[in-house]
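This report covers a ligand site and a set of paired strands. The sequence and structure come first.

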Amino acid sequence: MTARSSLTVVLAAGEGTRMRSSRPKVLHPLAGQSLLSHVLDAAPKEAGAALAVVVGPDHQAVVDEAKRVRPDAATFIQRERLGTAHAVLAARDAIARGADDLLVVFGDTPLITAGTFERLRAPLKNGAVLAVLGFRAADPTGYGRLLVEGGRLLAIREHADATPAERAITLCNAGAMAFDGRKALSVIEKIGNANSKGEYYLPDAVGIVRELGLEAVVIETGEDEVRGINSKAQLAEAEQVMQARLRKAALDAGVTMIAPETVYLAADTKFGSDVTIEPFVVIGPGVTIADGAVIHSFCHIVHSSIGKKALVGPFARMRPGTSLGEGAKIGNFVETKAAVLEAGVKVNHLSYVGDAHVGANSNLGAGTVTCNYDGFFKHKTTIGEGAFVGTHSSLVAPVRIGNGAYIGSGSVITRDVPDDAMALERSPQTNREGGARRFREMKTKGRKPKGD
Ligand code: UD1
Ligand code: MG
């Protein structure tokens with residue numbers, strides 16, 4: 001049997017006013033990724049799976065995000081916000097191509113999974129024309145209620161239009177629906193706006209399917225998976241659900257975390273085997289951690305790759321573009337940015353390494369700072385293999401330290417240092433015999449000094 005083709009229409013034209021933010025709602029991050037990207041990731045991806053995203057006017061950033069995540073996505077603009085059925089019809093051209101299955105999902109329900117889309121599509125293979133995703137709401141206020149009789153879905157009643165008896169129903173419309181792709185357009189086009197809000201309600205498709213004597217069914221899922229995000233409080237609740245999922249997946253994959261509830265992961269964090277993450281670590285997007293690496297407590301890591309058996313922290317900050325080679329180590333109060341530290345490099349304490357390449361097995365002493373910014377432009381520091389940079393050195397970029405070179409402590413290095421050279425940049429030290437005693441006597445002149 002050949003696989004069924006599908007079109008997924010993601011509705012993302014809402015203003016999201018309750019987020020109280022200038023950012024479009026679906027671009028708010030959850031586990032380091034936009035709400036929209038979570039939905040797009042869950043949508044069918046196999047060959048023959050097309051995607052359409054409906055956005056509001058002036059939401060180019062939403063279009064850009066959709067294309068970033070799924071370059072194959074088509075985007076459509078809903079110019080007036082006249083309801084969910086009206087929004088679906090903004091993608092009429094894509095729907096008219098007639099995929100086997102038409103999936104509709106809201107861009108603000110980021111916890112939905114690929115497995116649920118599959119379950120929702122299944123009844124279409126058995127003759128149903130419409131499958132609606134339902135859930136039992138702890139508090140159904142505001143949701144559309146599913147009117148079911150003898151196991152058959154008859155209609156969906158929006159909260160505002162429901163009778164008191166209908167409002168007592170807790171089985172609710174989650175928003176996602178799967179239509180028989182060839183009948184969808186004729187059904188959705190029949191939806192009117194004769195309701196209390198004067199909007200074109202997609203849920204009215206159920207009643208229309210019934211009137212046509214066709215089959216509509218409910219597929220149930222848990223409430224956690226279909227939480228809609230309308231406010232910052234709901235965003236924070238969804239983050240908890242998502243973090244719990246990501247932590248469990250990491251533990252199941254063999255990551256050691258003694259206090260997983262204190263570790264924040266991103267949806268795209270990648271782990272090798274035998275990785276350890278100590279308590280209170282925050283991992284943002286774009287992080288890869290290879291086999292046997294250990295992240296000690298209180299680290300903040302984004303867009304970085306950590307090599308095999310590398311050691312990080314405690315209290316390290318890895319900013320975008322950091323790459324640690326095998327067995328490399330960055331210790332406490334070390335900040336890195338756009339820095340490649342090859343295998344065996346050690347930066348153990350109190351350093352800033354930015355716009356830099358450090359060759360294998362070099363050692364940067366405590367307080368080494370790459371001075372990468374002159375107030376106007378960023379410049380690069382290159383350090384060869386097996387170099388030693390003494391404590392409290394400033395490397396004023398652009399500058400190159402050769403292989404095996406040695407920098408004396410406290411140097412301000414402004415010129416390249418050749419391979420195997422020793423660079424010292426300090427004033428000569430003077431020792432004045434008895435100078436301290438004379439200074440003390442001059443200061444106190446027989447008086448008793450204050451303090452301890
Ligand atoms: C909707 C459903 C309700 C369901 C609930 C689940 C309708 C009429 N009601 O209600 O049955 O229980 O979701 O959360 O569908 N959108 C557009 N353009 C529009 C209107 C909406 O793109 O003109 C998008 C929104 O951005 C959002 C989604 O559609 O992503 C749902 O819209 P929303 O206004 O949140 O619908 P609810 O009132 O929550
Ligand atoms: Mg909603």
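## Basis

The model is predicted.

Ligand 1 has 20 residues around it. Gly-14, Gln-78, Thr-84, Glu-158 and Asn-173 come nearest. By type, the shell divides into ten nonpolar, seven polar and three charged residues.

The space that ligand 1 takes is the largest pocket.

## Ligand 1: polar contacts and cover

A polar backbone atom of Gly-14 is 2.8 Å from a ligand oxygen. For Gly-83, a backbone N or O atom lies 2.9 Å from an oxygen of ligand 1. Thr-84 uses its side chain: an N or O atom there is 2.7 Å from a ligand oxygen.

On its own, ligand 1 has 750 Å² of accessible area. The protein covers 87% of that area.

## Strand 23 and its partners

Strand 23 (residues 346-358) runs parallel to strand 22 (residues 329-341), and ten bridges join them. In this pairing, Val-340 stands opposite His-357 of strand 23.

Strand 23 also pairs with strand 24 (residues 363-364), in the parallel sense, over two bridges. Here Val-347 stands opposite Leu-364 of strand 24. Strand 26 (residues 381-383) is another parallel partner of strand 23, joined by three bridges. Val-358 stands opposite Ile-383 of strand 26.

Notes
Residues numbered from 1 in each chain as written. Chains lettered and ligands numbered in written order. Predicted model: local features only at pLDDT ≥ 70, side-chain atom pairs only at ≥ 80, totals over all residues. Heavy atoms only, no water. Near = heavy atom within 4 Å. Polar contact = N/O pair within 3.5 Å; in protein donor to acceptor, adjacent residues only side chain to side chain. Areas by Shrake-Rupley, 256 points an atom, 1.4 Å probe, with all protein chains shown as cover. 1 Å grid on protein atoms, 1.4 Å probe; cavity = no way out; pocket = protein on both sides within 12 Å on 5 of 7 lines; lining within 4 Å. Sits in = over half its atoms within 2 Å of the grid points. Nonpolar A, V, L, I, M, F, W, Y, C, P; charged D, E, K, R; others polar. Pairing = 2+ DSSP bridges. Helix = DSSP H or I, 4+ residues; strand = E, 2+ residues; numbered from the N terminus.
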